[in-house]
Amino acid sequence: MKNVYMDNNATTRVAPEVVDVMLPFFGELWGNPSSMHYFGGQVARHIEAARAQVAALIGADPTEIVFTSCGSESDNMATRGGLEAAGPQIRLITSRVEHAAILGPARHYAEHGGEVVEIGVDASGQLDLAELHRELANGHALVSLMWANNETGVIFPIDEIAAMVKQAGSVFHTDAVQAVGKLPIDVRRTPVDMLSLSGHKLHAPKGIGALYVRKGTKLNPFLLGGHQESGRRGGTENVPYIVGLGKACDMAAHYLGEETTRVAALRNRLELGLLDTCPDTSINGDRIKRLPNTCNISFQFIEGEGILYHMSDAGIAASSGSACTSGSLEPSHVIRAMGVPFTAAHGSIRFSLCRYNTEEEVDYVIETLPPIITRLRELSPFV
Ligand code: PLP
């Protein structure tokens, strides 16, 4: 079998239809959208069409969408711009399992004297809502909590959280980079103030993202410069990528529902196949409230890196829940926050599927992986 790609939470393949709509903007449609003349005007129209496509996927008004360069920029803009706009003394409430794009700004804020609170999760990766409730009662805050976790796929109850935050009179940002395109999202129903998304997680290219900013939300621009994006982000727009993101959002809207159900069935087939054939194997994270495409699975007594290496040899691409820090393999902060025991934490592997995966690919992994696990366990000092 040729290469099997199951690392879609890291990045996705760009949809061919997305490439098609982008190409003219590397050719005849090269104007600067801010120019008054014909060349600019014909390009500016396409940016606004893409803005409407992105807005439609999450139920927003197009004027509430700001294009950025990636999910990390959206997260930085929401937190750093939101904190700056709110003035001194505001706390940042986040969680222990956020992506580095939130934890980085949180640490920066703390290092500069800001107060940061990191809410914990339980063994299934679910947020401690009682702790959040207590912290919200301690005064005004900017709250940033992810919609879905990139490593485990665990979905936080964002409707409930957003309602709690709004009731407490605080500001709510959600990092929905892994959720957009995989789950139905409607900001008319869910009272988030800001929401981050990233193109390369939903079959648009890397290097394009967006931040939803609800009308009336106080937010300082993160990138200072020209008047682009209604003064909310300086810099000449990345027109081809914006157009590509619009098309990818349009396609994601079309695929939500039936196609995500098919992907969930593939994921379940993979998961049950591996649990059935590999002893001492467990799933990390809430198995119900989880992204349809994600499976984080621990193979006890072996290192994730070893599994990845042998899978890669067999043409299978996934990722591990460990990060190599100065030679020692440390389980990721997400797995650690969930309190997964040492012997399981080290052997955690994330499979993340997408609409291009097939049943044949899943069956190939179910056939190929168990002998790798058996061999590695024979060599393991932990068994
Ligand atoms: N937030 C989450 C939950 C992510 O999974 C990622 C990327 O992996 C990001 C933010 C950052 O997005 P980008 O790679 O577009 O900067």
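This is a predicted model: local features need pLDDT of at least 70, side-chain atom pairs count only at pLDDT 80 or more; totals for chains, interfaces and linings use all residues.

Biologist: What is the strand order in the open sheet of 7 strands?

Modeller: The order is E2-E8-E7-E6-E5-E3-E4, and the pairing is mixed. Strands (E, at least two residues) and helices (H or I, at least four) are DSSP runs, numbered from the N terminus. Two strands pair if DSSP finds at least two bridges between them.

Biologist: Which are its edge strands?

Modeller: Strand E2 (65-68) and strand E4 (116-119), each pairing on one side only. Neighbouring strands of this sheet are turned by 20° against each other on average, ignoring direction. Axes are lines fitted to C-alpha atoms, for helices over the stretch in contact; angles run from 0 to 180 degrees between N-to-C directions.

Biologist: Do E3 and E4 pair parallel or antiparallel?

Modeller: Parallel, over 4 bridges, with E3 spanning residues 91-95. Leu92 has Val116 in E4 as its bridge partner.

Biologist: Which strands does helix H3 lie across?

Modeller: H3 (residues 71-86) lies across E2, E3, E5, E6, E7 and E8. Its direction is at about 160° to E7. Contact here means heavy atoms within 4.5 Å. Helix H6 (residues 158-167) lies across E5 and E6, at about 155° to E6.

Biologist: Switching to Ser198. Buried or exposed?

Modeller: Ser198 is buried, because its relative accessible area is 2%. Buried means under 20%, exposed over 50%, and partly exposed in between, using a 1.4 Å probe and protein chains only. Ser198 sits in strand E7 (residues 194-198).

Biologist: What is Ser198 in contact with, leaving aside neighbours within four places in sequence?

Modeller: Gly71, Val177, Ile208 and Gly209.

Biologist: Now the open sheet of 4 strands. What order?

Modeller: E9-E10-E15-E12, with antiparallel pairing. The edges are E9 (281-283) and E12 (319-320).

Biologist: How many bridges join E10 to E15?

Modeller: There are 5, between E10 (residues 294-299) and E15 (residues 348-352). Asn296 has Arg350 in E15 as its bridge partner.

Biologist: And which strands does helix H8 lie across?

Modeller: H8 (residues 258-277) lies across E9, E10 and E15, at about 10° to E10. Helix H9 (residues 304-313) lies across E10, E12 and E15, at about 45° to E15.

Notes
Residues are numbered from 1 along each chain as its sequence is written. Side-chain values use heavy atoms; hydrogens and water are left out.
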